[in-house]
Amino acid sequence: MKIATYNVNGVNGRLPVLLRWLNETKPDVACLQELKAPQEKFPEAAINDAGYQAIWHGQKSWNGVAILSRIGKPAEIRQVLPGDTEDEQSRYIEANIQGITVGCLYLPNGNPAPGPKFDYKLGWFARLATHAQTLLNQQVPVVLAGDYNVIPTDIDAYKPERWVDDALFRPETRQAFANLTAQGWTDAIRTLYPTETIYTFWDYFRNAYERNAGLRIDHFLLSPQAAKLLVSANVDRNVRGWEKSSDHGPVWIELKD
DNA sequence: ATGGCTCCATACTGGAGA
């Protein structure tokens, strides 16, 4: 099973790019973030026409997450991260697909830091860690995929010294990510490519993509039962070079059936 | 260090992203 994650940066504005990518690479499952569309404006018909069934949790203007599948409609487990009934931002959706629990997440950016947005990020992170432990306790294959807005280590940024005060790289953020993986999660890309320079995001400024001035912030975390099935993984970095592309590139893993 | 780009909302500008 090939599972992908892609921060599309506007599911309607980027629809031609999304459809082209689905058609060319045909992931079995695709987790999308930053739909930037309310629930009723999700382009369901076009995605169905492309061969996918979808569940999604939209929101006006910002955020929004979806899970697409071409191997049977995702069986929704939840569309809210537990732990805060006041949280109205659409940043998490979870489904069962052929025995795999797939969590699709869009962790808050958190800038400027410090400040209320950074506090919200760390609070959301704590809720994710609590839920992740609950999932681990189930001892089933779980894939937590998405835009974590975390640069895990120095080798995940083109110039890490420029990011030291940024919410994506501050010590609290890196520590939260390290604590999460220490529960027993496998960072799929970094496990298969321990030392390579691999980015998933290139900003729109100053020809960042052409200069490969990027960040690795979109991640796959696998429970032990899923990590055992890991065959391969990579970034479709060429997609970032397409006309009207998102500033993120798609990331994917292949799991043994 | 700064400013650069692109989305969405419903507008001629601003918030947010990372």
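Please keep in mind that the model is predicted.

**Overall build**

Chain A contains six helices and 14 strands. Its C-alpha trace spans about 45 × 45 × 40 Å along the principal axes.

**Two open sheets**

Strands of a sheet pair through backbone hydrogen bonds, in either a parallel or an antiparallel way. One open sheet of six strands runs in the order β3-β4-β2-β1-β14-β13, and its pairing is mixed. At its edges lie β3 (53–57) and β13 (230–235), each of which pairs on one side only. Neighbouring strands in this sheet are turned by 15 degrees against each other on average, direction ignored.

Another open sheet of six strands has the order β5-β6-β7-β8-β12-β9, again with mixed pairing. Here the edge strands are β5 (75–78) and β9 (186–187), and each pairs on one side only.

| Strand pair | Sense | Bridges | A bridge to look at |
|---|---|---|---|
| β1 (residues 2–7) and β2 (residues 29–33) | parallel | five | Tyr 6 with Leu 32 in β2 |
| β8 (residues 142–147) and β12 (residues 218–222) | antiparallel | five | Val 143 with Leu 222 in β12 |

**A helix pair**

Two packed helices are described by the angle between their axes and the distance between those axes. Helix α3 (residues 116–137) packs against helix α4 (residues 171–182) at an angle of about 5 degrees, with the axes 10 Å apart. Angles under 35 degrees count as roughly parallel, and α3 and α4 are therefore roughly parallel to each other.

Which residues of α3 and α4 meet? From α3 come Leu 122, Phe 125, Leu 128, Ala 129 and Ala 132, and they meet Glu 172, Ala 176, Asn 179 and Leu 180 in α4. The residues of this contact divide into seven nonpolar, one polar and one charged.

**Around DNA strand B**

By residue type, the surface near DNA strand B divides into eight nonpolar, nine polar and five charged residues.

Notes
Residues numbered from 1 in each chain as written. Chains lettered and ligands numbered in written order. Predicted model: local features only at pLDDT ≥ 70, side-chain atom pairs only at ≥ 80, totals over all residues. Pairing = 2+ DSSP bridges. Helix = DSSP H or I, 4+ residues; strand = E, 2+ residues; numbered from the N terminus. Nonpolar A, V, L, I, M, F, W, Y, C, P; charged D, E, K, R; others polar. Axes fitted to C-alpha atoms, helices over the stretch in contact; angles between N-to-C directions. Parallel < 35°, antiparallel > 145°, perpendicular 65-115°, else oblique. Contact = placed C-beta atoms within 7 Å.
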